[in-house]
Amino acid sequence: MNAAAGIARALTFGYRPRGGVLQRARATTSCGWFAALGLVIVLYENPLVSAVVLGVTLIAAVRCRVLREVLLAVAVSAPLAVLVALINPIASQQGLTVLVADLRLPLVGSIEITREAVVYGLILGLRALAMFAVCALYVCTVDPDQLLRVLRRRSVRSAITASLAVRFVPVLARDGARLAEARSCRPGIKPGAAAVSRAVFARSLDRAGDAALALETRGYALAVPLREAHRPRRRVDWAVSASAMLVAVIAIVGKSAGLASFSDYPLTQADLGPWEIVLILALGVTALAPFTLPTARLDGSVSAASASATEVSAASVLTTSASVTSVSASAACNVAAPSASTDLSTGGAA
Amino acid sequence: MSDPVLRLDRFSYRYPTEGGPAGGLKNVSLAIEPGEFVLVCGASGSGKSTLLRAAGGLVPHHFGGTAAGEATVCGRDLRTHGPAELAAYCGTVLQDPETQIVMGEVRYEIAFPLENLGWAPSDVDRAVDRTADALGIRHLLRRRTAELSGGELQRVVLAAAIAAGPALLALDEPTSQLDPVAAGDLLAAAITQNRDHDTAVLIAEHRIERVLPAADRVLVFERGELVCDAPPREFLGWAAATESRAWLLTPSARLCSLANITPLPVDHAEAANSLSLISEGSPLSVTASSGIGEATGANAVELEFRDTAYSFPGCDGSALTGIDLSLRAGERLALMGANGSGKSTLLRLARGLIKPSDGTVEASGSVGLLLQNPNDYLIHERVADEAPVGALTRYGLESYADRDPRDLSGGERQRLALAIVTQENPSVLLLDEPTRGMDRRRKSELLELLRAPSLNDCAVVLATHDVEFAAEFARRVVVLEDGRVAADGPAVEVLATGPLATETARLMPGIGVLTPAHGAAALADAAASAQATARRMRRPVALSGIST
């Protein structure tokens with residue numbers, strides 16, 4: 001199999017209803033949990049926080065039985081993270097510790113590579129990787145149909161457009177794989193990338209036309225807002241909601257308190273004191289608390305005895321997390337509290 | 001009598017641009033009554049898809065263009081009612097199931113049209129369950145659409161089309177992308193819907209023999225004109241009367257037509273009855289085959305599999321195991337077997353797209369592979385950029401050199417794809433399901449291409465489900481089952497009995513005839529023999545209706 005076809009096939013992952021907590025919770029609730037994790041990545045540059053988010057994501061992937069898919073997506077997106085890590089030292093001329101002076105590159109000219117720029121590039125790469133992993137877990141565990149049904153109550157056309165966009169990713173990936181295979185079957189000089197891209201684009205337009213035809217025949221143009229029966233919240237919904245809210249609150253409070261702060265230039269500095277450890281533990285435990293609920297069997301059933309036992313433990317973990325939040329909040333009030341500072345730059349200043 | 005579900009009165013339609021779809025309609029008048037099952041036939045671009053699109057309001061509302069005359073669907077005027085308004089009255093199923101699915105879960109997909117019509121949630125749930133039960137797909141309701149096979153997807157599309165209980169069901173070549181088993185299931189579901197729920201069915205279908213016994217009427221279109229509107233038996237007589245329309249006949253009708261047996265049979269049972277006289281008369285003989293692609297032991301081995309195995313990465317079990325096959329120059333081989341038996345994997349191994357997990361695959365020269373969809377090969381904006389002039393000339397495409405490949409007809413695109421893969425004269429040519437979605441006329445054209453003198457020295461392997469085409473094409477048949485070679489022998493043996501038997505072989509078992517032409521020749525020989533015997537015995541011949 002050629003590389004293009006392989007990549008196209010690798011991209012055909014999507015929602016996997018495998019009985020995990022995130023799959024069983026309401027789609028909107030799970031979205032809230034992912035939004036909370038995304039908020040943590042956006043708020044904190046500290047690499048330890050990014051590493052915790054990555055760890056939480058992978059553990060959640062294990063509990064939701066989608067680790068293979070998430071790792072595959074991370075592997076596919078890793079080159080982009082590496083690219084970010086490589087570009088930063090070239091693009092950023094800040095930092096005090098010069099590793100390579102007067103490096104001449106075509107188009108760019110003479111530059112200096114600093115240790116701080118290299119470290120910050122790696123941190124950016126790690127954050128990108130954590131975000132990719134969160135997105136991959138989202139795709140594998142949030143039912144797009146459920147989400148779009150919520151959206152269809154407000155905007156029918158936007159929802160269906162989004163639905164088709166999600167639905168057609170694997171279809172177009174398969175088209176791309178077939179085109180790549182056909183290209184490799186051609187004798188002689190293979191068509192260039194531009195010609196193949198044009199063909200792929202033309203094919204996607206054909207697909208869009210066919211889909212429009214099918215939508216017309218299903219009465220799409222009537223655009224009647226969805227009428228849906230009310231579905232009561234279950235315990236899994238409450239657990240995931242509580243986790244999402246607590247993660248968001250801890251992240252905001254910690255940020256307001258100046259915990260896990262990070263300085264990129266002129267010297268790389270990341271806080272790692274007791275409060276940072278508390279913050280990281282609080283984030284990790286709170287985010288993972290719902291996953292102490294049992295994973296359903298693939299037929300959707302959950303053992304009643306184990307469910308009640310683990311739901312109690314999940315509730316107690318969330319209660320503990322709430323108390324940690326209050327500790328974080330008190331830490332936020334005590335802004336003068338000393339915080340150990342770990343200097344990541346081990347070399348001397350330039 | 002109730003009003004027609006579809007009525008056209010001198011209705012004409014023309015697509016807006018030259019680049020648009022081929023085949024408008026010219027002055028068509030017809031009426032489809034409730035509960036009727038109507039088969040629509042015609043060559044590609046003849047107008048049958050346009051008729052089905054008109055039934056769903058897609059023509060003229062979605063495609064634009066100009067229309068004249070009167071057209072109503074369940075009493076609603078086509079000029080003032082678009083596809084959305086007609087969705088409650090006409091369910092539509094198109095060719096490719098992949099592009100008709102909108103939702104990620106089967107239940108939501110079936111519910112989607114009902115929700116668009118504003119049904120209450122409880123009514124939607126009831127209709128979804130009822131429809132799923134009717135089509136036997138209740139077990140699929142919680143499945144993801146991305147995980148379904150093509151056949152299952154198309155049944156879900158059919159369920160979505162009939163969930164609202166439309167009076168008319170328009171099916172535009174719904175089985176063209178399906179394997180024979182899935183196609184049979186889908187057509188059976190459509191027939192059941194017609195019989196049990198009195199839904200009028202308007203279906204365009206290439207596998208006429210599967211639908212004809214259930215049809216009340218057959219419509220035939222040529223260049224946009226309705227040239228035949230008759231019950232099945234009259235349609236067969238009409239098609240048999242003109243050689244240029246004989247491709248419309250089913251294999252059994254073709255056999256009887258060639259043998260001058262009348263009336264032409266509508267189904268297998270009738271054909272068997274018509275031929276029963278022969279089996280009681282003189283023994284049948286086999287005429288010589290056309291002899292194309294006859295391999296001899298002296299020809300060089302061009303492709304050889306030695307104890308070859310292949311496993312897909314990350315999958316348990318083998319896709320292919322212990323394959324020992326050799327292919328000689330000039331040989332014509334049909335590779336058959338159920339979906340997932342390993343046919344496509346074998347071809348990809350032969351072409352070198354994948355490497356065997358075990359054993360070897362050796363080719364003495366170059367290997368060309370034509371994948372299922374010829375459109376996948378069309379990359380450039382000019383035909384001349386796709387293949388050298390010599391290759392285009394060989395396939396009669398030199399006059400299209402400056403045209404965009406996407407503007408070519410289906411048959412021309414396939415010729416162009418063949419020109420691309422054979423431009424360096426491969427010693428082995430592999431074709432993966434080349435007849436999928438083709439009508440019989442296009443299959444005949446493909447057969448002629450494969451019989452071209454330029455391919456005489458080339459070994460040709462054809463992976464197919466189409467037993468009739470395999471019988472016309474191949475001298476040797478290899479059957480794969482669960483990744484292993486289950487049978488490897490002459491076509492006259494492998495395609496004569498069992499599930500892979502051709503229609504002719506099933507009608508005339510035990511004498512090694514596979515095609516209508518050979519069957520008719522055997523019947524003629526039998527009739528001549530019977531007459532000779534009768535002359536000697538001075539008795540009248542019992543084979544009335546068969547000419548010698």
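**Sheet, helices and contacts in a predicted model**

Student: In what order do the six strands of the open sheet in chain B stand?
Tutor: The pairing in this sheet is mixed. Strands are DSSP runs (E, at least two residues) numbered from the N terminus, as are helices (H or I, at least four). Two strands pair if DSSP finds at least two bridges between them. The order is S6-S7-S8-S3-S9-S10.

Student: Which strands of chain B stand at the edges of the sheet?
Tutor: An edge strand here has a single partner strand, so one side of it is left without a neighbour in the sheet. That applies to strand S6 (90-93) and strand S10 (225-230) of chain B.

Student: What is the average twist from one strand to the next?
Tutor: Angles run from 0 to 180 degrees between N-to-C directions, and axes are lines fitted to C-alpha atoms, for helices over the stretch in contact. From one strand to the next, the twist averages 15 degrees.

Student: What pLDDT do local features need in this model?
Tutor: Residues are numbered from 1 along each chain as its sequence is written, while chains are lettered from A and ligands numbered from 1 in the order in which they are written. The model is predicted: totals for chains, interfaces and linings use all residues, side-chain atom pairs count only at pLDDT 80 or more, and local features need pLDDT of at least 70.

Student: Do S6(B) and strand S7 (residues 168-172) of chain B run parallel or antiparallel?
Tutor: Four bridges join S6(B) to S7(B). B:Cys90 stands opposite B:Leu168, and B:Thr92 stands opposite B:Ala170. The two strands run parallel.

Student: Are B:Cys90, B:Gly91, B:Thr92 and B:Val93 of S6(B) buried or exposed?
Tutor: In a regular strand the side chains alternate between the two faces of the sheet. B:Cys90 and B:Thr92 point one way from S6(B), and B:Gly91 and B:Val93 the other way. A residue is buried if 20 or more other C-beta atoms, placed from the backbone, lie within 10 Å of its own, exposed if 12 or fewer, and partly exposed in between. All four are buried.

Student: At what angle does helix H6 (residues 150-162) of chain B run to S6(B)?
Tutor: H6(B) lies across S6 and S7 of chain B. Its angle to S6(B) is about 165 degrees.

Student: How many residues does chain B give to the contact with chain A, and which helix of chain B gives the largest share?
Tutor: Two residues are in contact if their C-beta atoms, placed from the backbone, lie within 7 Å. The contact takes 47 residues from chain B and 45 residues from chain A. Helix H3 (83-86), helix H4 (106-116), strand S15 (367-370) and helix H15 (410-421) of chain B each give two or more. The largest share, five residues, comes from H4(B).

Student: How many of the twelve residues of H15(B) are buried?
Tutor: H15(B) reaches 17 Å from its first C-alpha to its last, close to the 16 Å expected. The expected span is 1.5 Å times one less than the number of residues. B:Arg413 and B:Leu416 are among the buried residues. H15(B) is largely enclosed by the rest of the structure, because its buried residues number nine.

Student: Which residue just after H10(B) takes a positive phi?
Tutor: Helix H10 (residues 251-258) of chain B is mostly covered, with eight of its eight residues buried. These include B:Pro251 and B:Leu258. The phi of about 55 degrees just after H10(B) belongs to B:Asn260.

Student: How far apart are the end C-alpha atoms of helix H4 (residues 47-63) of chain A?
Tutor: Buried residues of H4(A) include A:Val52 and A:Leu54. The buried residues pack against elements including helix H3 (27-43) and helix H5 (67-91) of chain A. The 17 residues should span 24 Å at 1.5 Å a residue, which agrees with the end-to-end distance of 24 Å.

Student: What percentage of the 350 residues in chain A is buried?
Tutor: Chain A has twelve helices and five strands. Its buried residues make up 40%.
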